[in-house]
Amino acid sequence: MKLYTSKEQTELLVEIGFPKPVGIGYNYSIGELIAFLEANVDISIWYDGKSSYWYVDYDLRRVGLDEYLINALYFACKKLKEEKSI
């Protein structure tokens, strides 16, 4: 299980305006990314055991999808920040 963002993911999130991470190795943890999304009450994070994918939905649309939770959260944070939704 992947618990932290990669160096490249971390650098991109900092570049687009997220605060620097406090996680191990200066990468974001799952908890940190969830905290960025928590302010949005319409966020839904769920796992589909049949397909083995994590889903992040915002306002009835998919904003993150990956087999690793950390990657699905990364995609959601990136997309919503670029849309200025968070």
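## Overall layout

The protein chain folds into three helices and three strands. Read from the N terminus, the order is α-α-β-β-β-α. Keep in mind as you look around that this is a predicted model.

Along the principal axes, the C-alpha trace spans about 35 × 30 × 15 Å.

## Surface, charge and contacts

Of the 86 residues, 37% count as buried. The chain exposes about 5300 Å², and carbon and sulfur atoms supply 54% of that area. On the charge side, you have 10 positive and 13 negative side chains, with the centres of the two sets 3 Å apart.

As for how the chain meets itself, take the contacts between residues at least 6 apart in sequence: 36% of them join residues at least 24 apart.

As a rule, nonpolar side chains in soluble globular proteins tend to be buried together. Here the largest nonpolar core has 18 residues, and the members that touch the most others are Leu13, Leu33, Leu37, Val56 and Leu73. Helix 2, strand 2 and helix 3 are the elements that give two or more residues to this core. Helix 3 brings the largest share, with eight residues.

## Helix 2 and its cover

Helix 2 covers residues 30-38, and its buried residues are Ile30, Glu32, Leu33 and Leu37. An α-helix has 3.6 residues a turn, so residues three or four places apart point the same way. What sits over those buried residues of helix 2? The cover includes helix 1 (7-15), strand 1 (43-48), strand 2 (53-58) and helix 3 (69-82).

Gly31 is also part of helix 2, but this glycine counts as partly exposed because its relative accessible area is 47%. Gly31 and Leu73 are 42 residues apart along the chain, and their C-alpha atoms are separated by 9.8 Å.

## Val56 and Tyr58 in strand 2

Val56 lies in strand 2. Is Val56 buried or exposed? At 0% relative accessibility, Val56 is buried. Setting aside neighbours up to four places away in sequence, Val56 touches Leu37, Ile43, Ser44, Ile45, Arg61, Arg62, Val63, Gly64, Ala72, Leu73 and Ala76. Val56 is also one of the core residues that touch the most other members.

Tyr58 and Ile45 are 13 residues apart in sequence, and their C-alpha atoms are 9.0 Å apart in space.

## Asp66 in strand 3

Strand 3 takes in residues 61-66, and Asp66 belongs to it. Why does Asp66 count as buried? Its relative accessible area is 15%, and the cut-off for buried is under 20%. Leaving out neighbours within four places in sequence, Asp66 is in contact with Tyr53, Trp54, Asn71, Ala72 and Phe75.

## Two residues with positive phi

Most residues other than glycine have a negative phi. Ser52 has a positive one, with phi near 65°. Where is Ser52? Ser52 sits in the loop between strand 1 and strand 2. With 36% relative accessibility, this serine counts as partly exposed.

Lys84 also has a positive phi, near 65°, without being a glycine. You'll find Lys84 in the segment after helix 3. Lys84 is exposed, with a relative accessible area of 73%.

How values were computed
Residues are numbered from 1 along each chain as its sequence is written. This is a predicted model: local features need pLDDT of at least 70, side-chain atom pairs count only at pLDDT 80 or more; totals for chains, interfaces and linings use all residues. Side-chain values use heavy atoms; hydrogens and water are left out. Helices (H or I, at least four residues) and strands (E, at least two) are DSSP runs, numbered from the N terminus. Buried means under 20% relative accessible area, exposed over 50%, partly exposed in between (1.4 Å probe, protein chains only). Contact means heavy atoms within 4.5 Å. Accessible areas come from the Shrake-Rupley method with a 1.4 Å probe; for residues, only the protein chains shown count as cover. Lys and Arg count as positive and Asp and Glu as negative; His and the chain ends are not counted. The place of a charge is taken as NZ of Lys, CZ of Arg, CG of Asp or CD of Glu. A nonpolar core is a set of buried Ala, Val, Leu, Ile, Met, Phe, Trp, Tyr and Cys residues joined through side-chain atoms within 4.5 Å.
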